[in-house]
Structure formats: structure tokens, C-alpha cells
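Open your viewer and get ready to click along.

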Amino acid sequence: MRRWLGPLLALALCTAAAHALTLYLTPGVIMNRAMEALAQRGVALHRFTTPERVTPQSQSVVRSSPDLYYALCRYDLSKPGSVLDLRMGAWPDYQSLAFFDGQTDNFATLRGTGNAESVRLLPPGSAAQPGAIVSPTTKGVILIRRLAPDAARFAAAAEAGKADLCRLREA
Amino acid sequence: MRRLFAYLAAIVAGCALGLGSALWMAGLWPAGRSLAFGDVDVGGWRSDFAIGSKAADPYTRARVARHGLLALAKTEAVYLTRALDDAGEPLRESCTYRLTGGPMPGGWWSVTLYDSGSMLPANTDGALSIDAGRAGAGAWEAVIAARRPERAAHWISSRGAGTFDLTLRLYMPDSALLTDPNGTLDAPRIARLSCEGAS
């Protein structure tokens, strides 16, 4: 019996380690895959992509809402001194500017119902500044949602989206 | 040599067990498991209010990354999912349901139908959801069916969905919903009206 003790211990340790490692890595792996898929579907780096209305034929992200206008911008702040300038144009109904890091966490959201909003996004480790948000990871996704439950409202949201900005400034 | 083989087998089996158990407990394997999970359960509508935040446990984080990527944190939006009808049976394309509800504790809401892969069903019916604007104030009702019903104010098409679930989105939720979801939300009900092939 004692000779099985070592292999049984190795089995238990490897099970626990693989379990924990899988859970730790899964969000990052899924986010990486999602960002690659978004890139393949034309979601630009450092620019809000003019979206199509979400339909079964156009959907690219799980559980998208057909009642919302989504504009996406991928970012990469890996170059030292890089800063992302962001603006969400005015919209009379609900709208939000949401930030997701490389681990899928929604680390900041600005609500802008009736207003335009501007903010800067700084690389990880940056000192806090007024009017700026520090990203926990170098890469991530920014998402504008606008309430637009029909074709006419979606067209109006797309018009409002012309005032949106996602632009990289490098030092 | 036998001892070395025993250790090698233990390591390989341990890695496989760890990987499989993590994916299973996070609801990622086997494919097609429901998003209806979490510590909040209001009338069968389930959610985890830690969605989108670092506070979420690793199982929730992994599951949301797969099924609810780019979901907002609870102060901005709350997502509740239901995969069973009022009788406890899985929601499926071959049945017709009546979805009923009332006013919701938030700035705007919608109920959207998703297939087992968390995608909108592959149909061209243009009837994927009902929302606060279409439902109006007060009590509301929608029929969920694979074909447009003859008499119904609102229709959500399940054509092409197979086994499906519904996600209730509540944007700008009232703070009371976050602290006391069961006391605040009058959860929509899902009555099964008929099923194809049933007598």
C-alpha cells in the first residue's frame, strides 16, 4: 500500500494544480481568442468600428442584444508612454462607454445618457490623473452601447457614432 | 521502471482530471450547458451579481468569459437567465410558451432568446426579443414559438433555437434590486401552452 502513496500524492497534486491553472488561464485565453475573432471581423485597433445591427447573421460576440448599438475598439498600450484618447458622442437615450481588460473584467464604465463623454486610458502602472483611467492590462476592448431597439433608432445611433473617438497617442 | 511508470501515469491522469473538472465545474464542458447559474435566483431567473468584476469567483469568471463576454458590472446592468419553464421543463423550440411580466426595477429592460451556444437563433424572423419600449408600462405578455402566432401582441421566435434560454437585461438597475433581488423583482413567468407531438 505504501508504494502507492507517492503516485497517489502526485495524482492529487497534479489534479489540484491543473484545476487551478485552467480556471486562472481561461478568461485570458477566451479574451485573446475573442480579440482575434473581433480583429478578423474588422474591429479595428484604436478606432471605433461602425457596427452592423446585431442579427443572427451578423452576431460576433455571444449574447449580443439585438436592441442595442455596439461600437467596439480594441486597444494595445504596450508601447511605453502610449495613451488612448476616447470620446463618446451625445445620445438622448441610454448609452455607456465600458472598458474590458485582457482578463474580461469590466474595470470601468461611464454612463452618458444625453451627454458626450471624454476620457483618457493610460497603460498599467500609470499614476492616477484627473480625466483618465488606468488599464489593468496592456490590451483590451472598449465598448459603446446605445439603446437602439429598431432600425430607425439604430440609424440615428450610427449617426451619433460619428462623434465617437478612440485614438492612440504615442510618446 | 514500474515505479516511474506509476508516477508518469499519475501526473497525466491528474492533469486530465484537473482540466476536465475545472471545465465541468465552470460549465464550459461538455458544450451546450446553460448560463442559468449564480447565487441569485428570482423565480427561476438566475444570475451572479459578481459578473464583470474581479470579485467573481474563478468558476463564474470562466463561465462568463465563455457565455457572457463583455457583460457589464451590476451597477450598470444586471443579467438574469432562465432555461426552464414554470413547470421545470427545459425550454425548447418544439413548444409554445406564454411569457408574462410587469414593470421592472430599472431604467430599461429586455428579454432575449439565445440558443444553447449562447447565440441568437439562426432565423430571419426579426422577432428576437421584447423590451421596455415595445411592452409599454404595466403588465405585458409575449408568445414564444417557432411560428408567428395568429393572435399575440408580441412574438419571440424560437425557430432554429433547439433547446434555448432567455436572458433578462435590466439596465440602470434600481439599487434595491442589487440588495434585495427577490423582494424587488417581479420575475417574468413562462407558462408552457403546447408542444408539437404532445397529445
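Here is a short tour of a helix, an interface and some charged pairs.

Before you start, keep in mind that this is a predicted model.

**Stop 1: a helix in chain A**

Select residues 5-40 of chain A, which make up helix α1. How far apart are the C-alpha atoms at its ends? They are 50 Å apart. At 1.5 Å a residue, the 36 residues of this helix should span 52 Å, so the two values agree.

Now click on A:Leu25, where α1(A) bends by about 35°. Then select A:Pro27, a proline that follows within four residues of the bend. To finish this stop, go to A:Gly42, which comes after α1(A) and has a positive phi, near 95°.

**Stop 2: where chains A and B meet**

Colour the two chains separately. Here 48 residues of chain A are in contact with 60 residues of chain B. Between them, chain A and chain B bury an area of about 4300 Å², and carbon and sulfur atoms give 64% of it. Which residues of chain A lose the most area to chain B? Select A:Leu23, A:Val62 and A:Arg63, which together account for 18% of what that side buries.

The interface of chain A and chain B holds three salt bridges by the rule used, and 21 residue pairs in polar contact, both residues being at pLDDT 80 or more.

Next, highlight α1, β1 (68-76), β3 (95-101), β4 (106-111) and β7 (139-147) of chain A: each supplies at least two residues of the side that touches chain B. The largest share of that side, 15 residues, comes from α1(A), the helix from your first stop. What kinds of residues make up this side of chain A? They divide into 26 nonpolar, 15 polar and seven charged.

**Stop 3: a pair within chain A**

Side chains of opposite charge can pair when their charged atoms come close. Over all chains, the count comes to 14 salt bridges. For one within chain A, select A:Asp85 and A:Arg169, whose closest N and O atoms are 2.7 Å apart. A:Asp85 lies in strand β2 (residues 83-88) and A:Arg169 in strand β8 (residues 165-169), so this pair ties together parts of chain A that are 84 residues apart in sequence.

Note on methods
Residues numbered from 1 in each chain as written. Chains lettered and ligands numbered in written order. Predicted model: local features only at pLDDT ≥ 70, side-chain atom pairs only at ≥ 80, totals over all residues. Heavy atoms only, no water. Expected span 1.5 Å × (residues − 1). Bend = angle between axes of the 7 residues up to and from the residue. Contact = heavy atoms within 4.5 Å. Buried area = accessible area lost by both parts, 1.4 Å probe. Salt bridge = Lys/Arg side-chain N within 4 Å of Asp/Glu carboxyl O. Polar contact = N/O pair within 3.5 Å; in protein donor to acceptor, adjacent residues only side chain to side chain. Nonpolar A, V, L, I, M, F, W, Y, C, P; charged D, E, K, R; others polar.
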